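Thanks for coming. I will take a few minutes to go through one model, starting with the charged pairs and ending with a pocket.

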Amino acid sequence: DYGIYQPDGSHYAYRTLLFLGIDPNVAAERVVDWYQIKGFKNNVFETSFLTSNHSETWGLVAPRILYSMLSVPFVFLFGLSGMLVIPCISFVVLIICVFRMSELYRKPKIGMLLVIFLCTSPTILRWMIANITDSLLTGLFGIVAFILMSNLSKEKWSLFVYTLVFLTSITRFCTLIWIAIAVVQWSESKHKRSLGILVVSIISSIPILYYMPSNAVLPENAGSSGISKLLVLIESFFKVGFFEIAQLAVLDRVLLIVIVLATAIAFRYPKDLPSKYFLLVFLAVWSTGAINGTVGVNFRYQLPVVAFACWRILSVSNDSFDWFGRRRFNIE
């Protein structure tokens, strides 16, 4: 489904209309009518699908308020098509962050090549220009990657990173990613920063835990529990990994090249800071996809790793591009 108005996006459109002060019943009817005309798949549903008392997915989307909040002025100006403005801005933010990374490493040509890859990737274009939260989350983590590689003062670092922890947490579930980043900080002997990330992330995750439905983990296996659930989760971990990479091999070799190249460099230089970030963030988004349990979603849940993959590629020294050579450097 390459439609720009995804089924999940109906909930965010409905929430945005509520933020504009529109009556819930009127808002639900407007979204239903809009999807019947503009939707591509699963576009016919009842208004009850959007309400908190009837929707099975309400517990998942309820804490995700940032996308709808940011979309308020654009929906006010352009109607429900304004829901596409924030995703498009997020795409631009990701591109700018990647190119700014290349400028810091003095590799603008490689940065331009990566930008071209991202702009021609069917997967990136599919999810970054759609009315869902994945694009906003990916754009925010593009900023995160750029800040982590920049040489900022302690005060600026804390302000930016902790703010981004909060903003990403009210965009989509991303606790595992922040745990991964905290682990890297701890490994670099930056214990206060690591603990700060964990504390802010846990506090920001309270609404997620409050609204989380009982079947949030592997919803298709809601009847399983205990050891059985754990075994299914382990199986899901390997299935998601296989199907996501296999799907890229079939549908999107451009993005696959970026991921494979970043992975190869990371394993060649596992002690480098960009390698730690890329590998652990990749593990985090992989695990997030495994918890959801849906296979073959075209790298949707793994998108936040893209900026870290670009960082890992750009951080290789010029000599190292001759099959990763001898010399390397880090930007902290």
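Let me start with a definition: a salt bridge here is a side-chain nitrogen of Lys or Arg within 4 Å of a carboxyl oxygen of Asp or Glu. What you see is a predicted model, in which local features need pLDDT of at least 70 and side-chain atom pairs count only at pLDDT 80 or more, while totals for chains, interfaces and linings use all residues. Residues are numbered from 1 along each chain as its sequence is written, and side-chain values use heavy atoms, with hydrogens and water left out.

By that rule, there are six salt bridges. Take Lys276 and Glu188, whose closest N and O atoms are 2.8 Å apart. This pair links distant parts of the chain, 88 residues apart: Lys276 is in helix α15, and Glu188 is in the loop between α10 (175–187) and α11 (191–204). When I name helices, they are DSSP runs of H or I with at least four residues, numbered from the N terminus; strands would be runs of E with at least two. Glu188 is partly exposed, at 26% relative accessibility. For that scale, buried means under 20% relative accessible area, exposed means over 50%, and partly exposed is in between, with a 1.4 Å probe and protein chains only.

Next, Arg300. Its side chain meets that of Asp8 in a salt bridge, at 3.0 Å from N to O. Arg300 sits in the loop between α15 and α16 (306–314), and Asp8 in the segment before α1 (9–19), so this pair ties together parts that are 292 residues apart in sequence. Arg300 is buried, with 9% relative accessible area, whereas Asp8 is partly exposed at 35%.

What else does the side chain of Arg300 meet in a salt bridge? The partner is Asp134, at 2.9 Å from N to O. Asp134 belongs to helix α8 (residues 134–149) and Arg300 to the loop between α15 and α16, so here the parts tied together are 166 residues apart in sequence. Arg300 and Asp134 are both buried.

Now the rings. Rings of Phe, Tyr and Trp (its six-membered ring) pair if their centres lie within 6.5 Å; planes under 30 degrees apart are stacked, over 60 edge-to-face, and the rest tilted. The structure holds 16 such aromatic pairs. One of them is Tyr210 with Tyr211, edge-to-face, with 5.1 Å centre to centre and 90° between the planes. Tyr210 is exposed at 67% relative accessibility, and Tyr211 is partly exposed at 37%. Elsewhere, ring pairs link Phe237, Phe238, Phe278, Phe282, Trp286 and Phe299 into a cluster.

Two charges also sit over rings, meaning that NZ of Lys or CZ of Arg is within 6 Å of the ring centre and within 35 degrees of the ring normal. Lys38 lies over the face of Trp34, 5.4 Å from the ring centre.

A word on the backbone. Most residues other than glycine have a negative phi. Asn42, which is not a glycine, has a positive phi of about 50°. Asn42 is in the loop between α2 (24–38) and α3 (58–61) and is exposed, at 54% relative accessibility. Ser189 also has a positive phi, near 65°. Ser189 lies in the loop between α10 and α11, and its relative accessible area of 57% makes it exposed.

Last, the second largest pocket. On a 1 Å grid over the protein atoms alone, a pocket is an open set of points where a 1.4 Å probe fits, with protein on both sides within 12 Å along at least five of seven lines; lining residues have an atom within 4 Å of a point. About 210 Å³ of space lies in this pocket, the volume being the space filled by probe spheres set on the points. Which elements give two or more residues to its lining? They are α14 (253–268) and α15 (273–292), with α15 giving the most, five residues. The lining includes Ile245, Leu256, Thr263, Phe282, Leu283 and Trp286. Nine of the lining residues are nonpolar, one is polar and none is charged; Ala, Val, Leu, Ile, Met, Phe, Trp, Tyr, Cys and Pro count as nonpolar, Asp, Glu, Lys and Arg as charged, and the others, Gly among them, as polar.

Leu283, in helix α15, is partly exposed at 40% relative accessible area. Its C-alpha atom is 9.3 Å from that of Gln302, 19 residues apart along the chain.
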